[in-house]
Amino acid sequence: MYVLPDFSRELNTDSATKASFYVDIHARLKLCEGQQALSRIGLWQDGKTSWVGDGDWSVQAAFSKTALSIMSQAFHKVWNILVTIIDRESPDRLGCLREVRIENQGSDTKQVKLLFHHLPLMQSQGIAFYSPQDKALIHHAENQFSLFSLTMRDAAFIQPGAGSLKKNWNSQEGKLFFSPFSATSLESVLAASCVLPSQASVKGHAWMLSSQSLEALKQSHKRLQAAYGQ
C-alpha cells in the first residue's frame, strides 16, 4: 500500500487542520488573495465520482519554503491513483496557475476523467459561458471578469460546462452535458478524459484569472496557452 511521504520534515508548514483539501489549500495560498477560488479536483472511474479530500483519499499537504508555490499530494486508496498538485501565482499576477499530475500506481489500465469544479467562495450570482475561440470558461459578476481554462496534452478530449455541477454532471455515466451558457450561476466544470496504463501518468495545467478587463484576461490566457501547449 502506498504511503504518502511526510513533507513536514522538509518544508515549512502550519499546524494541521481538518478543513477539506481544496479549501485548506486556498486558505493558505496567500499569493492568490482576492481571487474567486481555486477549483476543487476530482476523479471519475467506473460509475463513481471521488473528490480529493473525500474518505477514499489519503491527503498530504506540503508548502514550499520559498512561498513561490505550494505542492500537495493525495492518494486514492481504492483506485491506486496518486495526484500531485502544484499551485503558484500566474506570471502576470492576475490569478492562480495549478499544475496537476495523475499517476496510475495500480496494475491495470484505467479510464478516468479528471474534474475541475469551480465554485466561487463568495459571489454565486452572475453569468458564465464557454468561449470556443478562447477555449475557456468566462465568468462575469458586477464589474469583475474571470477566466477558467485547462490544457492537458495527453487527454483524449476536454469538456467544459457552464453552470451547476449537479445539473450538468452525470456521475453514473461519467458524462458532462455540454452547457455553453448559464445566466444564473458562476459555477462551472472542466472534465478531461484520460487513459492511464499501469505505472503511467499524465499532466495538465489549469488557471483561474481575474480582472476588471476582459481583454487583459484574454491576453494573459493566450500567453499561458502558448507556454503550456493548448
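Which residues does L43 touch, not counting residues up to four places away in sequence? The points below start there.

1. **Contacts of L43.** L43 touches K48, T49, S50, W57, W79, I81, V83, I102, K113 and L114, leaving aside residues up to four places away in sequence. Contact means heavy atoms within 4.5 Å.

2. **Basis.** This is a predicted model: local features need pLDDT of at least 70, side-chain atom pairs count only at pLDDT 80 or more, and totals for chains, interfaces and linings use all residues. Residues are numbered from 1 along each chain as its sequence is written, and side-chain values use heavy atoms, with hydrogens and water left out.

3. **Largest nonpolar core.** The largest nonpolar core has 28 residues. L43, V83, V100, I102, L114 and F116 touch the most other members. The elements giving two or more residues to this core are β1 (40–45), β5, β6, β7 (110–118), β10 (144–151), β15 (188–196) and β16 (201–211). The largest share, four residues, comes from β15. A nonpolar core is a set of buried Ala, Val, Leu, Ile, Met, Phe, Trp, Tyr and Cys residues joined through side-chain atoms within 4.5 Å. Buried means under 20% relative accessible area, exposed over 50%, and partly exposed in between (1.4 Å probe, protein chains only). Strands (E, at least two residues) and helices (H or I, at least four) are DSSP runs, numbered from the N terminus.

4. **Second core.** A separate core holds 10 residues. Among them are I138, F145, L217 and L224. In soluble globular proteins, nonpolar side chains tend to be buried together.

5. **S90.** S90 sits in the loop between β5 (81–89) and β6 (95–104). Its relative accessible area is 2%, so S90 is buried. S90 touches G95, C96, L97 and L209, again not counting residues up to four places away in sequence. The S90 side chain also makes a polar contact with the side chain of D92, at 3.0 Å. A polar contact is a pair of N or O atoms within 3.5 Å; within protein, one must be able to donate a hydrogen and the other to accept it, and residues adjacent in sequence count only if both atoms are side-chain atoms.

6. **D92 to R223.** D92 forms a salt bridge with R223, with the closest N and O atoms 3.3 Å apart. D92 lies in the loop between β5 and β6 and R223 in helix α3 (residues 214–228), so the pair ties together parts that are 131 residues apart in sequence. D92 is partly exposed, at 26% relative accessibility. A salt bridge is a side-chain nitrogen of Lys or Arg within 4 Å of a carboxyl oxygen of Asp or Glu.

7. **Other salt bridges.** A search of the whole structure finds nine. One of them joins the side chains of E89 and R93 (3.2 Å, N to O). E89 is buried at 16%, whereas R93 is exposed at 61%. R101 also pairs with E103, the closest N and O atoms being 3.3 Å apart. R101 is partly exposed at 34%; E103 counts as buried at 15%.

8. **Positive phi.** Which phi value does D46 have? Phi of D46 is near 50 degrees, positive in a residue other than glycine. D46 lies in the loop between β1 and β2 (48–51) and is exposed, with a relative accessible area of 69%. R93 has a phi near 65 degrees, also positive in a non-glycine residue. R93 lies in the loop between β5 and β6. Most residues other than glycine have a negative phi.
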